[in-house]
Amino acid sequence: MKVSSVPFSGTKEQEARLLEVIAKYKDMKGALMPIMQEAQDIYGYLPYQVQKIISDETGIPIEKIYGVATFYAQFSMEPKGKYTVAVCLGTACYVKGSGAILEEVEKVLGIPDGSCTADGKFSIETCRCVGACGLAPVMIVAGDVYGKLKPEDVEGILAKYE
Amino acid sequence: MKSLQELKEIREAKAGQVNIRFNPDNAEEAVKTYVLVCGGTGCTSNHSWEIMDELKKLIAAAGKKDEIQIIQTGCQGLCAKGPILVVHPGNVFYQEVTPEMVDQIFNEHIIGGRPVEEFLMVEELTNGEKIHYVDSAFYNNQMRMALRNCGRIDPEDIDEYIARDGYMALNKALNEMTPDDVIKEVVDSGLRGRGGGGFPTGKKWMFASANRGEVQKFVACNADEGDPGAFMDRSILEGDPHSVLEAMAIAGYAIGANQGYIYVRAEYPIAVDRLKIALDQARDYGVLGKNIFGSGFDFDIDLRLGAGAFVCGEETALMTSIEGNRGEPRPRPPFPAVKGLFAQPTVLNNVETYANIPQIILNGAGWFNQYGTETSKGTKVFALGGKINNTGLVEVPMGTTLREVVEEIGGGVPHGKKFKAAQTGGPSGGCIPAKSYDVPIDYESLKEIGSMMGSGGMIVLDEDNCMVDIAKFYLGFTVSESCGKCTPCRIGTRRMLEILEKISEGRGEIEDLDRLYDLAKYIQANALCGLGQTAPNPILSTLEHFRDEYEAHIVEKRCPAGVCKALLNYVIDPDKCKGCTKCARNCPVQAISGEVKQPHVIDSGKCIKCGACMENCAFGAISRK
Ligand SMILES: Cc1cc2nc3c(=O)[nH]c(=O)nc-3n(C[C@H](O)[C@H](O)[C@H](O)COP(=O)(O)O)c2cc1C
Ligand code: SF4
Ligand code: SF4
Ligand code: SF4
Ligand code: FES
Ligand code: FES
């Protein structure tokens, strides 16, 4: 099992919220995914320590939780940057040149897709269609959607995030 | 909890203000001015809420709260021109609206009664002429059945849905029809699944209908919309969520299920919010819950969120995922109608399939099946994208030709470029070449030419798109989304991608085309689930229709469309070059040589194809060939 090299810094308060979530779903069939989704909302990612709490509280074996966490692209076992930059590589965006947008983001931030800047500020990821295809090519920075992008727009947009 | 009588009263009370948006000619019916602001994903990305805020301020300042009503709608399907604002009476569309424009629209049009000509939504025809949107083929040649309410009602207000006969189909089913009557109506309508497979919906319900009342059953809705570049289902969920809830309850009654699940992708936060609101309102009104319309029938619905795995759109994987597991497909049979969710009989349909159901029940099978072709009834929604003038959602009767969709409704290919192909069916589909421009769009015809209806993604490609690159794009997608459970798909798709990469880098040999074909046929026949079985389609269809392009890459080491980087050469036109030396100074690998004021040359052996020289030449002397 992969344990993140970044030290875990979960707080008591986060743990209390997680326990509440688990209690809420106690009697539901197929509760594991909703619990993990809310756990990731609480902690920002799903490190071993959080999976362990879920396992201890629900009795679901940790191996199974790990298996689910690795299967779905949205579960992350590494902390993300303060701002995530997600470039859409769905078809509509791809044929309108989102590959060049991703290259520009990588160039401006100086890191490859899938990693985080040394200061922990930005991480880059790619996604497959967020449904804003009419605005292709699209990039999402910390939840804000930017559409009809050209590579030269990227630097200015990222500069807005402090 | 509301009685049928109370719902009918709501419908009467609301009719005046809702009908005007559907019959703009009856302008005298309008009691107020209605301003529709689009709140779908596209327009929200373009900050449409700022327009709402500005409008609210203006209305309050003018003291016109009782005369002007703002309505936040779902997606109009025109996201490329968003944010969109529509004023009724008059049915006047404004495009790319900014808060600054709102002031002028408010004063001149909403108060003054004169539309602001310069902000009106226009279509640009291929001859450069501009016409008003409501006069365009895009607006007039569509037929809205699944999208009938989208963009025209407030999806967060159940009363607006009720004004459109909402939940009357459920009442009719529960109180005037037996479950078998309902199934017969759906069978007779000829409705087929809109999620890609095209399986007859009524038949599916019939298979799941045995032993009503004796076994627990489920109704599920596939809202995972995995085809990247398509957003039909998203628009329905954002624009008309109650139509899906009503249809699921009808399906529940038909097969004898009391619980439904909607599996929706987490990438659609607005759709998820609207669904939650709709569920609360439906429970509050008693159209979901216990003893619906006094019929003794109970039905409720739970929401489940996906977590970014394309394979979970496949029906068995979706169910495994709802159960809380890794979303791996399971072998069929047993089919879900026999053994589905939590091992119980389950009906699973797509969002758009459901959106057609209430209308079929209310108006009858005969009304629905008068539209479409012999084997494909009704309409289909497509998300038009790629190299096309009017990107957006279009709904057309089955049997419409590709040419009509692209040239008339879609306004053709921009910048005078040539139409090369349309891709339908996403990663499971294929490319329809220009020579099949006149095929009618229906399940069988598209399959015959090596593509498929798919869920509704339609990406238009022009002469600048390389078909090898497109095939490579889709294979890259399936390789990363393969769940890895079976070898033909896990290893086979990777091999195919490697061959495509080799070809696009100029290292291909002509035998590779046979290798690709054989692998494709093997994977089609041996993969466990639909993802693997259909993964070869983008390759097979491009091989069939664009073999010459593959051969150009292999034999001539040339990418005719100028896309595959490794095959491109940067060249300097000696007639245009002024010898300014700028390119040579900017080349990171010193691949450019030449004397000052003399034409420069690029050493293609050294060149790493970064493109810096071309960007820097002020005289346009460098091109990529
Ligand atoms: C890999 C794969 C992905 C799929 N993705 C979707 C999807 O995103 N949405 C959908 O409705 N159906 C999808 N399907 C089809 C479903 O398996 C299923 O046939 C469909 O949801 C049934 O509903 P319908 O009969 O109303 O179309 C997918 C199938 C496969 C093999
Ligand atoms: S075909 Fe692919 S996605 Fe389907 S089960 Fe096999 S490996 Fe998984
Ligand atoms: S930048 Fe253009 S004009 Fe100047 S030397 Fe290079 S090719 Fe010639
Ligand atoms: S493309 Fe890049 S490497 Fe090639 S000649 Fe131009 S600047 Fe040099
Ligand atoms: S393909 Fe990028 S938003 Fe749909
Ligand atoms: S979101 Fe407004 S038109 Fe699509």
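This report walks through a predicted model, starting with chain A and then moving on to rings, charges, ligands and backbone.

## Ground rules

Residues are numbered from 1 along each chain as its sequence is written, while chains are lettered from A and ligands numbered from 1 in the order in which they are written. Because the model is predicted, local features need pLDDT of at least 70 and side-chain atom pairs count only at pLDDT 80 or more, whereas totals for chains, interfaces and linings use all residues; side-chain values use heavy atoms, with hydrogens and water left out.

## Chain A at a glance

Let's begin with the overall layout. Chain A has seven helices and four strands, where helices (H or I, at least four residues) and strands (E, at least two) are DSSP runs numbered from the N terminus. Reading from that end, the order is α-α-α-α-β-α-α-β-β-β-α. Along the principal axes, the C-alpha atoms of chain A fill a box of roughly 50 × 35 × 25 Å.

Chain A is assigned domain 1 (12-71) and domain 2 (83-159), with bounds that come from an automatic or database domain assignment. The C-alpha centres of these domains of chain A are 30 Å apart. Of the 162 residues in chain A, 49% count as buried; buried means under 20% relative accessible area, exposed means over 50%, and partly exposed is in between (1.4 Å probe, protein chains only).

## Rings that meet

Over all chains there are 22 aromatic pairs. Rings of Phe, Tyr and Trp (its six-membered ring) pair if their centres lie within 6.5 Å; planes under 30 degrees apart are stacked, over 60 edge-to-face, and the rest tilted. Take Tyr72(A) and Phe75(A): their ring centres are 6.1 Å apart and their planes stand at 90°, so this pair is edge-to-face. Tyr72(A) is buried at 1% relative accessibility, and Phe75(A) is buried at 9%.

Over in chain B, Phe93(B), Tyr133(B), Phe138(B) and Tyr139(B) make up one aromatic cluster. Rings can also sit below a charge, which here requires NZ of Lys or CZ of Arg within 6 Å of the ring centre and within 35 degrees of the ring normal. The charged end of Lys2(B) is over the ring of Tyr285(B), 4.8 Å from its centre, and Lys380(B) lies over the face of Phe382(B), at 5.7 Å from the ring centre.

## Salt bridges

Side chains of opposite charge can pair when their charged atoms come close. The structure holds 39 salt bridges over all chains, each being a side-chain nitrogen of Lys or Arg within 4 Å of a carboxyl oxygen of Asp or Glu. One of them joins Glu444(B) and Arg192(B), at 3.3 Å from N to O. That pair links distant parts of the chain, 252 residues apart: Glu444(B) is in helix 17 (residues 443-448) of chain B, and Arg192(B) is in the loop between helix 8 (179-189) and helix 9 (201-207) of chain B. Glu444(B) is partly exposed at 34%, whereas Arg192(B) is buried at 14%.

Glu551(B) and Arg547(B) also form a salt bridge, with the closest N and O atoms 3.3 Å apart. Because they are four residues apart in helix 23 (residues 547-554) of chain B, about one helical turn separates Glu551(B) and Arg547(B). Elsewhere, Lys14(B), Arg21(B), Asp157(B) and Glu160(B) are linked in a network of salt bridges.

## Around the ligands

Ligand 4 is surrounded by 13 residues, the closest being Cys587(B), Cys607(B), Cys610(B), Gly611(B) and Cys613(B); a residue is near if one of its heavy atoms lies within 4 Å. The shell of ligand 4 has 11 nonpolar, one polar and one charged residues. Here Ala, Val, Leu, Ile, Met, Phe, Trp, Tyr, Cys and Pro count as nonpolar, Asp, Glu, Lys and Arg as charged, and the others, Gly among them, as polar.

Ligand 2 has 13 residues around it, and Cys483(B), Lys485(B), Cys486(B), Cys489(B) and Cys529(B) come nearest. By class, the ligand 2 shell has nine nonpolar, three polar and one charged residues.

Most residues other than glycine have a negative phi, and most peptide bonds are trans. The bond from Ala136(A) to Pro137(A) is cis, with omega near -10°, and Pro137(A) lies in the loop between strand 2 (122-127) and strand 3 (139-141) of chain A. Another cis peptide bond joins Arg332(B) and Pro333(B).

Phe293(B) has a positive phi, near 50°, and is buried at 14% relative accessibility. Phe342(B) has a positive phi of about 45°, and is found in the loop between helix 13 and strand 10 of chain B.
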